[in-house]
Amino acid sequence: MLLRSLAASLFFALAALPAASELPARRVVSLNPSLTATLVALGASAQLVGVDDYSARQQSAVRELPAVGGLFNPSLEAILGLAPDLVVLVPSAQQRDLRARLEALGVEVLELPNITLAELLASIEALGSRVGREAAARARVREIESAWRAVAAASAARPRVRTVLVLQRDPLYVVGRGSFIDSMLITAGAENPANVFAEPYPRTSLEWLIAAAPELILDASEDSEEPRDYWARWPSLPAVVKGQVHRIAASEVTLPGPFPERALALLAEAIHPAPGRSDP
Amino acid sequence: MKVLTARRAAGVLALLALAVAGSVIVGLAAGPSSLSPREVVSALLAPETPGAAADIVLRVRLPRVLLSLLVGASLAVSGVLFQALLRNPLADPFVLGVSGGAALGGIAVLSLGSAVGLSHAAVAPAAFAGALATTLLLGLVSGSRASPTSLLLTGVVFNAFASAGIVFLASLAGLSEGAGVFLWLIGSLSNVRADVTGWVALFLFAGLACALPLARSLNLMTLGEEPAQQLGVDVLRVQRVLLVAASLMVGAAVSVAGLVGFVGLIIPHLLRLLIGPDHRLLVPSAALAGGAFLLLCDTAARSLLGGRELPVGALTSLAGGPVFLWLLRRHQQRIFAP
């Protein structure tokens with residue numbers, strides 16, 4: 001059921017993409033770390049000629065490439081200086097003007113949203129077809145889908161664990177409804193009470209979180225205070241009572257990338273730890 | 001001008017104290033989760049009983065109720081003091097740049113702290129250090145005898161400097177820190193910790209202890225420095241003591257709640273319209289009214305949208321602005337007589 005709706009949305013997402021140009025792009029500038037990681041994973045590193053600052057910091061494969069600025073303030077001049085035939089980015093209010101200006105200057109721009117899982121898979125396929133790596137992209141998507149099926153099957157028979165995934169403590173941001181992280185939580189056997197919020201990453205209140213009574217808190221914030229100590233301030237939280245408060249690395253779970261099945265496996269392990277493994 | 005009698009002062013203060021008590025009850029009773037009044041009362045009466053109600057009432061709502069009272073009181077009292085000392089109706093707690101210094105310190109930790117392993121708990125101390133440094137700097141720059149105008153100008157320049165620094169820091173920060181910086185600039189009590197309540201209270205009460213005995217001198221100083229001097233007021237000493245006291249109050253309040261706007265501007269004016277300009281009554285009234293006002297705004301901020309939070313600083317201005325303009329229209333002629 002889940003996979004069928006996934007396939008359907010994937011189909012529509014692909015159908016909505018502009019017809020790809022005939023020739024694979026040879027000089028690509030990526031303005032988003034997730035897209036950069038996908039291009040590297042598909043074996044298109046050689047076609048990348050420039051990246052944003054975040055990509056340059058996170059991806060060792062592109063560290064030597066020229067960086068053209070941050071997510072909010074990429075330099076148009078630096079991008080044009082690299083003579084790209086394709087610029088890839090994730091839609092955002094900050095980069096809307098940039099896209100218009102690049103297109104006005106005759107540079108092809110591919111805008112790939114990656115909030116939902118369907119969008120994430122579609123972005124892998126779209127990037128693959130644009131850089132001449134269709135086969136690799138299709139194989140990647142198939143692998144992700146089969147990992148999804150396997151995890152969903154393994155968690156189907158087990159009780160759902162009421163889980164809140166905290167992205168940031170103050171202001172409090174959690175994973176709400178519809179994002180690929182939400183999909184991963186559900187697939188891995190969680191019940192996400194933050195589903196009541198329509199946004200993918202809502203800002204919420206402590207009072208809501210306490211009233212939601214999560215049995216498991218996965219804390220992906222970067223605050224240096226140990227999650228266990230921080231959340232113990234509210235001792236009624238079932239997750240605190242059961243000792244089910246864990247830190248998860250934001251870089252491994254919350255960034256949409258080419259290997260979401262790794263994050264899925266991490267979450268599945270946190271939600272239903274494999275028998276025999278001691279609680280960390 | 002109404003004459004201040006002990007009886008009238010007692011009446012006004014009793015009324016405001018009732019308003020504070022009422023808003024404390026509303027603040028404890030209201031929230032996004034549907035706790036019944038009975039659950040709230042039993043959580044308060046039996047704090048040792050474990051359960052979500054105890055966590056929500058005692059560890060989420062109560063610290064916020066206390067802190068919004070203290071922050072609101074500090075902002076309103078310091079607003080009264082700055083307006084009187086600078087003899088400028090537009091003065092507010094942020095006018096001297098102390099808030100800018102606090103913001104610079106806090107936001108430095110917010111945006112870059114995680115890179116050097118500083119926890120979020122370091123934001124408030126860093127902000128307060130920023131406020132202290134700014135107060136010292138103001139003292140140094142303005143020298144032994146500064147006119148209100150030169151103090152105001154120093155504040156304007158320092159605030160501009162601080163906002164440039166904030167923009168610089170925010171542009172270095174990542175996406176998630178950016179949201180924190182934004183909220184801090186509007187002012188929010190969303191995730192306050194109970195352990196900061198003590199020092200906001202300390203500076204508020206120290207400030208009140210300085211301001212109340214000097215309230216008569218403040219009344220005379222609104223006539224101008226020279227007439228006040230001739231009437232026996234040690235103008236320089238009053239200025240110094242109250243500027244430092246008010247700056248420390250603002251620094252403590254801003255360091256835990258961010259730049260909650262408007263409370264320190266409109267509560268003093270509102271009270272002058274309603275109870276007259278005598279600082280002996282105005283100062284304690286501002287403490288009570290500022291606290292109650294911020295508490296009600298914060299309760300609305302966390303209750304209006306279900307589980308979502310609004311920044312309280314946005315609500316204070318949204319709620320306070322129209323009320324203030326309406327009052328201003330009714331009492332047009334009186335507002336500019338300090």
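Q: Is strand S5 of chain A mostly covered or mostly open?
A: This is a predicted model, and in it strand S5 of chain A, residues 161–168, is mostly covered, with 6 of its 8 residues buried.

Q: Which way does S5(A) run against S8 of chain A, and over how many bridges?
A: S5(A) pairs with strand S8, residues 216–219 of chain A, in the parallel sense over 4 bridges, and within that pairing Val164(A) has Ile217(A) as its bridge partner.

Q: And what about S7(A)?
A: Strand S7, residues 190–191 of chain A, also pairs with S5(A) in the parallel sense, over 2 bridges, and there Ala190(A) is the residue that stands opposite Val161(A).

Q: What sense does the pairing with S6(A) have?
A: S5(A) and strand S6, residues 173–174 of chain A, pair in the antiparallel sense over 2 bridges; Val166(A) has Val174(A) as its bridge partner, and the two strands are joined by a hairpin through 4 residues.

Q: Switching to the contact between the chains, how many residues come from each?
A: Chain A puts in 28 residues and chain B puts in 29 residues. On the side of chain A that touches chain B, S5 and helix H9 (206–212) each supply at least two residues.

Q: Which element gives the most there?
A: That is H9(A), with 5 residues on the side of chain A that touches chain B.

Q: What kinds of residues make up that side of chain A?
A: The residues of chain A that touch chain B divide into 14 nonpolar, 8 charged and 6 polar.

Technical notes
Residues numbered from 1 in each chain as written. Chains lettered and ligands numbered in written order. Predicted model: local features only at pLDDT ≥ 70, side-chain atom pairs only at ≥ 80, totals over all residues. Buried ≥ 20, exposed ≤ 12 C-beta atoms within 10 Å, placed from the backbone. Pairing = 2+ DSSP bridges. Contact = placed C-beta atoms within 7 Å. Nonpolar A, V, L, I, M, F, W, Y, C, P; charged D, E, K, R; others polar.
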